[in-house]
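This briefing is for a reader who is new to the structure shown here. Please look over the sequence and the model before reading the points below.

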Amino acid sequence: MLELGKKAADQGDDLVKEVTDQTFMADVIEESTRVPVIVDFWAPWCGPCKTLGPELEKQVRAAKGAVKMAKVNVDQNQMIASQLRVQSIPAVFAFANGQPVDGFVGAVTPAEIKDFVARLAKDAGGGGLDEALEQAEEMLTSGAAADAAQIFAAVLGEDAENARALGGMVRAMLAVGDVDRARQALDMASPEMATDPAIQAARSALELAEQTQEAGEVAELRAKLEAAPDDHQARYDLSLALLSKDQKEDAVEALLELFRRDREWNDGAAKEQLLKIFESLGPKDPLTQKGRRRLSSMIFM
């Protein structure tokens with residue numbers, strides 16, 4: 001574990017530090033006024049420490065700066081361990097605003113470690129649930145869907161009626177291809193939550209995912225359209241195939257072209273599908289804004 005800490009330091013990684021009696025005040029007490037700091041008391045001879053420490057580091061790094069971690073070797077830094085009355089290891093303390101706010105002693109499961117870090121992450125900087133949700137959304141956008149799902153779940157643990165958290169959970173599950181669990185999660189929405197934009201967006205995303213589960217091949221459908229440009233079903237199927245490959249912009253282009261060619265085809269299926277995509281992306285997404293403008297200009301031509 002000491003080697004891991006040195007490696008992180010050599011790489012300029014500020015999320016996980018080896019801390020001593022002399023640096024504890026600066027690296028933990030003072031730093032915790034800016035961001036929560038998790039302190040891991042360990043020793044080279046401690047078997048459970050060798051499992052807990054790396055898992056804790058993993059979750060701290062996954063939080064992407066919402067929390068930090070300090071590693072204290074109790075054999076070499078007995079003063080701090082004594083002051084905090086550490087009697088057995090592994091022992092983990094969480095500091096915020098200069099004070100210990102949470103912790104545990106002994107080996108715990110990876111799931112418990114994730115929950116522990118998630119609880120601290122959602123309160124990073126005192127921002128509460130809203131800040132936690134912002135962090136989760138950023139993770140989801142950057143591709144860290146599993147990590148985002150953990151935070152959405154933690155928020156739901158604090159507020160079971162939080163529509164934004166539930167909607168985010170559904171979208172995170174869809175991002176990793178778990179359509180069945182996403183459907184089950186969406187079924188948890190209460191009648192009061194059902195009309196919330198976050199739930200409506202999640203429902204649209206789920207419907208799109210279900211539609212694309214048996215989508216055709218993009219290359220074959222493009223070839224089919226080249227041979228018969230007025231084959232509206234092929235163009236619609238192409239949009240589904242593109243969505244299945246996460247090529248949303250190309251899918252929107254295909255649907256806009258279908259709408260331009262025949263807006264009434266299949267009871268207005270192109271417009272309906274476009275609106276579903278825009279709702280799943282949300283009103284602030286650049287593709288939504290651009291697509292809505294183009295659709296409106298076609299409608300009112």
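The model is predicted. Its aromatic pairs number 4, and its largest nonpolar core has 32 residues.

**Aromatic pairs**

- The count of aromatic pairs comes to 4.
- One of them joins Phe 41 and Phe 93 edge-to-face, with 5.7 Å centre to centre and 85 degrees between the planes.
- This pair links distant parts of the chain, since Phe 41 is in strand 2 (residues 37-42) and Phe 93 is in strand 4 (residues 91-96), 52 residues apart.
- Phe 41 has a relative accessible area of 0% and is therefore buried.
- Phe 104 and Phe 116 also form an edge-to-face pair, at 5.1 Å centre to centre and with 85 degrees between the planes.
- Phe 104 belongs to strand 5 (residues 99-105) and Phe 116 to helix 5 (residues 110-122), so their pair ties together parts 12 residues apart in sequence.
- Both Phe 104 and Phe 116 are buried.

**Charge over a ring**

- Lys 71 lies over the face of Trp 42, 5.4 Å from the ring centre.

**Nonpolar cores**

- In the largest nonpolar core, the residues with the most contacts inside it are Phe 152, Leu 166, Val 170, Leu 174 and Ile 199.
- At least two residues of this core come from each of helix 6 (128-142), helix 7 (145-158), helix 8 (163-175), helix 9 (179-186) and helix 10 (197-211).
- Helix 8 supplies the largest share, 8 residues.
- Beyond its neighbours within four places in sequence, Leu 174 is in contact with residues including Val 179, Ala 182 and Leu 206.
- A second, separate core has 27 residues, among them Ala 234, Leu 240, Leu 274 and Ile 277.

How values were computed: Residues are numbered from 1 along each chain as its sequence is written. This is a predicted model: local features need pLDDT of at least 70, side-chain atom pairs count only at pLDDT 80 or more; totals for chains, interfaces and linings use all residues. Side-chain values use heavy atoms; hydrogens and water are left out. Rings of Phe, Tyr and Trp (its six-membered ring) pair if their centres lie within 6.5 Å; planes under 30 degrees apart count as stacked, over 60 as edge-to-face and the rest as tilted. Helices (H or I, at least four residues) and strands (E, at least two) are DSSP runs, numbered from the N terminus. Buried means under 20% relative accessible area, exposed over 50%, partly exposed in between (1.4 Å probe, protein chains only). A charge sits over a ring if NZ of Lys or CZ of Arg is within 6 Å of the ring centre and within 35 degrees of the ring normal. A nonpolar core is a set of buried Ala, Val, Leu, Ile, Met, Phe, Trp, Tyr and Cys residues joined through side-chain atoms within 4.5 Å. Contact means heavy atoms within 4.5 Å.
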